[in-house]
Amino acid sequence: MSAESRITRAFKEAKVLPLDANSKYILFSDCHRGDNGFADDFAHNKKVYQFALSQYFQKDYTYIELGDGDELWENSFDKIFRANKEVFLMLKKFHDKKRLHFIWGNHDMDYKNPKNSIKNLSSYYDNATGEEKELLVDASFSEAIKLEQKNGNSIFLLHGHQADWFNYVFWKMSRFLVRVLWRPLQTLGIDDPTSPAQNFKELIKVERHLERWIRKNNNQITITGHTHRPRFPKPKELPYFNDGSCVHPRCITGLEIENEQVTLIKWHVITTDEGTMKIVRTVLEGPEAIKDYI
Ligand SMILES: [Mn+2]
């Protein structure tokens with residue numbers, strides 16, 4: 001199956017969520033939540049991410065995670081949960097209000113099979129009370145989502161590894177290489193060569209596939225993650241957006257959809273004149289009206 005047909009199939013089978021003047025969505029991806037060890041690129045952004053989510057929760061946003069949330073190639077889920085318990089309890093708040101939707105990527109492709117998401121996410125063991133407690137019961141996972149307006153226009157969301165044949169077809173092989181070869185090397189600063197985020201030629205190839213699909217499909221507005229490179233086109237340019245990642249060295253990036261507008265933002269730490277540190281939100285691009293991309 002070609003990249004094009006994989007993306008088309010994901011588009012046709014996408015779960016549909018409403019998009020109107022009242023919709024508020026925050027999109028993050030590529031958290032690669034890990035075990036707090038040397039190879040865990042998310043650990044240094046965890047507090048920033050958790051704070052950002054708490055702000056969106058208070059403001060009634062729905063959180064959509066565009067894949068590679070849990071770093072299941074490198075870690076057992078038990079270790080991920082132990083290192084990120086507060087983050088999962090934050091996700092549970094969204095889930096309990098039915099405002100949480102996951103899309104699976106290549107690093108959490110195990111969640112394509114509901115057996116795995118149920119096993120990992122439906123409950124956790126609470127050390128304090130010695131009881132099994134509910135976590136994300138019936139967590140919603142899909143390959144793609146369409147945010148659809150009443151008139152039928154939509155924003156298409158997917159992880160983006162559908163355009164990356166090696167990581168889609170041979171994801172188990174990639175996982176094996178990462179587990180056995182690159183995880184030990186990563187602690188020495190050597191990056192995983194199967195990741196488009198570390199390989200500029202691959203990154204360009206993945207983006208080209210997606211661009212071609214968008215052009216062939218009537219300039220369908222599309223948002224992915226996977227490459228870790230944020231993209232925010234100008235109105236009338238090819239409407240291909242990327243929310244970036246939550247493992248940038250000094251920030252997390254994401255896309256907000258509110259008031260029928262889209263905005264690229266980052267959350268990061270600044271130092272004030274008094275010497276205190278503060279987590280802040282900075283607008284990188286936009287807001288731009290969604291209708292200007294249709
Ligand atoms: Mn990915």
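**A buried loop glycine and the sheet around it**

With 33 C-beta neighbours inside 10 Å, G225 counts as buried. A residue is termed buried if 20 or more other C-beta atoms lie within 10 Å of its own, exposed if 12 or fewer, and partly exposed in between, with C-beta atoms placed from the backbone. The structure is a predicted model: local features need pLDDT of at least 70, side-chain atom pairs count only at pLDDT 80 or more, and totals for chains, interfaces and linings use all residues. Residues are numbered from 1 along each chain as its sequence is written.

G225 lies in the loop between β10 (221-224) and β11 (240-242). Helices (H or I, at least four residues) and strands (E, at least two) are DSSP runs, numbered from the N terminus. Leaving aside neighbours within four places in sequence, G225 is in contact with S29, D30, L66, G67, D68, G105, H159, G160, N242, D243 and S245. Contact requires C-beta atoms, placed from the backbone, to lie within 7 Å. W213 is 12 residues from G225 in sequence, and the two C-alpha atoms are 16 Å apart in space.

The chain holds eight helices and 14 strands. Its C-alpha trace spans about 55 × 45 × 40 Å along the principal axes. For 294 residues, a compact globule would have a radius of gyration near 19 Å; the chain has 18 Å, which agrees. This radius is taken over C-alpha atoms, and the globule rule is 2.2 Å times the number of residues to the power 0.38. Of the 294 residues, 43% count as buried. Among contacts between residues at least 6 apart in sequence, 65% join residues at least 24 apart.

Seven strands form an open sheet of mixed pairing, in the order β7-β4-β3-β2-β12-β13-β14. Two strands pair if DSSP finds at least two bridges between them. The edge strands are β7 and β14 (277-289), each of which pairs on one side only. Strands of a sheet pair through backbone hydrogen bonds, either parallel or antiparallel.

Within this sheet, β2 (residues 24-28) has two partners described here. β2 and β12 (residues 251-258) pair in the antiparallel sense over four bridges. L255 of β12 is the bridge partner of L27. Four bridges also join β2 to β3 (residues 62-66), and these two strands run parallel. Here Y25 has T62 of β3 as its bridge partner. Four of the five residues of β2 are buried, so this strand is largely enclosed by the rest of the structure.

β2, helix α2 (residues 46-58) and β3 make a right-handed β-α-β unit. A crossover is right-handed if, with the strands pointing away from the viewer, the path from the first strand over the helix to the second runs clockwise.

Burial extends through β3. Five of its five residues are buried, so β3 is largely enclosed by the rest of the structure. Both faces are covered, with T62, I64 and L66 buried on one side and Y63 and E65 on the other. Four bridges join β3 to β4 in the parallel sense, and L66 stands opposite I103 in β4. Strand β4 (residues 100-103) also runs parallel to β7, joined by two bridges. F102 stands opposite F141 in β7.

The largest nonpolar core has 56 residues, of which L27, I64, I103 and L157 touch the most other members. Such a core is a set of buried Ala, Val, Leu, Ile, Met, Phe, Trp, Tyr and Cys residues joined through C-beta atoms within 7 Å. A second, separate core of seven residues includes L72, W73, F77 and I80. Not counting residues up to four places away in sequence, L27 touches I64, L66, I223, D243, G254 and L255.

Helix α5 (residues 114-121) has S117, N120 and L121 as its buried residues. Seen down the helix axis, these fall within an arc of 75 degrees, so they line one face of α5. The arc is that of the directions from the helix axis to the C-beta atoms. On the other side of α5, K115 and K119 are exposed. The buried residues of α5 pack against α3 (77-83) and β7 (141-142).

How values were computed: Contact = placed C-beta atoms within 7 Å.
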